[in-house]
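Look at the sequence and the model first, then read the notes by topic.

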Amino acid sequence: MTILPVRSQIVSVVAALMIFIPNVPGFAQSATDNNMVKRTSDVVYGRKAGMALTLDVFQPGQKNGAGVIFLVSGGWASSHDDTSMVHVDVDNYAPYLRRGYTVFAVVHGSMPRFNVPDIILDVQRAVRFIRHNAAEFGVDPNRLGVLGSSSGGHLALMIATQGGPAAVATSDPVDRESSAVQAVACFFPPTDFLNWGAPGVDGVGRGPLSPLFAAFGSLSDTDLGRQIVGKMISPIYYVTSSLPPTLIIHGDADVVVPLQQSQSFAAKAKEVGAPMVKIIVRKGKGHGWGDFWKSKEDVDEFADWFDHYLNNPNQHAAQ
C-alpha cells in the first residue's frame, strides 16, 4: 500500500470536500434570464488577524424582499475567485435571483490558518452584518435563509442551531444583532463529529477527516480535547424546538460525510419538537454529483423551500 505524504492526503480529501464550480466572468445577465443583477463586491463584514472578511451582494432587478446567504465553503476553506474550489460565482445563484432573492455570497477565514470554531464566528458575524444593514440591501431582516454544502452545510446548521445575539456584551452594533435565520437548505452536512457514521466513532480530525486535522485546532491533539471540540462544533448538540425549517439533500453513497449525519440530526430535531426538518436522499449519489449547484432537481427543491418559508414575513421572526 502506498502511503501519501500528509500534504498529498490533505489535497485529496479537500478535493472531495471542495466541489469544483467553473467561473463565469462578467455581469451574468444571461444567467438570470435578462433580469439585470446589481453586484456589489468585497463588502467588508468584519476584520480579524489584520485581514478583511468580505461578502458579495447580488441584487436582482425585481426583488421579493427576502435574502439568501450563500456560504462559500468547502473543507472549511473559502475563496472569492479560486476556480479550483467553491468560489463566488453569480451563475450558481441564478435560480434564486430569478425568484427575486437578494443573494449574499459570504467568504470566511480558511483552514489551516483558522480553525472551525473561528470560522463559525465568521459566518455568524456575516448574518448579523446583513441583518444590521438589511434596509440598505433592500431585504427584510426577518426573511433570511442560508445555503451551503459539506462544510458550508455544517456552518449553515451551526447558524441555524445557535442563531442569536453575541454571547458577550459589546459596543459594536452589528454584534448586538441576531444571527438567526428563518430557513435553511444544505447539501450533505457534518452534524455530529463525536458519532461519525456510527455511535462513538471519533470524526474530529480522524477517519475520513484525518487529512483535515488542522481544521480542528490544537485542542484536538488529545482525546479529551477532541471530545470538547467535537461537541463545540457539532450542530446536533444545539438543536432546540426553535430550529428554523431545514431541508437537507444527501446521497446514500457518501463516504466522506455519511448519510447518518443528516439522519441523526433529523431524529434529534424530532425528539426536541423542532417544527420541520426534511431529508431528501439521492440514491447512489456520493459527496457531490456533477454540477450539483446547477442541478434543477436539487436547486428547485431549495428555491421552493425558501419560497414557502421566507415569503411570509411574520412566519419566523429573528430570535
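Two strands pair if DSSP finds at least two bridges between them. Helices (H or I, at least four residues) and strands (E, at least two) are DSSP runs, numbered from the N terminus. With these terms, eight strands form an open sheet of mixed pairing, in the order S1-S2-S4-S3-S5-S6-S7-S8.

The model is predicted: local features need pLDDT of at least 70, side-chain atom pairs count only at pLDDT 80 or more, and totals for chains, interfaces and linings use all residues. Residues are numbered from 1 along each chain as its sequence is written, and side-chain values use heavy atoms, with hydrogens and water left out.

**The chain as a whole**

- The secondary structure comprises eight helices and eight strands.
- Of the 319 residues in the chain, 56% are buried, where buried means under 20% relative accessible area, exposed over 50%, and partly exposed in between (1.4 Å probe, protein chains only).
- A contact means heavy atoms within 4.5 Å; among contacts between residues at least 6 apart in sequence, 75% join residues at least 24 apart.

- Strand S1 (residues 37-48) and S2 run antiparallel and are joined by nine bridges. Valine 43 stands opposite leucine 55 in S2, and the bridge partner of arginine 39 in S2 is phenylalanine 58.
- The hairpin of S1 and S2 has two residues between the strands, and alanine 49 takes a positive phi near 50 degrees there.
- S2 is also joined to strand S4 (residues 102-107), antiparallel, by four bridges; valine 57 stands opposite phenylalanine 104 in S4.
- Strand S2 (residues 51-60) is largely enclosed by the rest of the structure, because eight of its 10 residues are buried.

- Axes are lines fitted to C-alpha atoms, for helices over the stretch in contact, and angles run from 0 to 180 degrees between N-to-C directions.
- Helix H8 (residues 296-310) lies across strands S3 (67-72), S5 (144-149), S6 (183-187), S7 and S8, at about 170 degrees to S6.

**Nonpolar cores**

- A nonpolar core is a set of buried Ala, Val, Leu, Ile, Met, Phe, Trp, Tyr and Cys residues joined through side-chain atoms within 4.5 Å.
- The largest nonpolar core has 56 residues, and those with the most contacts inside it are Leu55, Ile69, Leu71, Trp76 and Phe216.
- Helix H3 (residues 116-132) gives the most to this core, with eight residues.
- A second, separate core of 34 residues includes Val72, Val88, Ala185 and Trp305.
- H3 is mostly covered, with 13 of its 17 residues buried.
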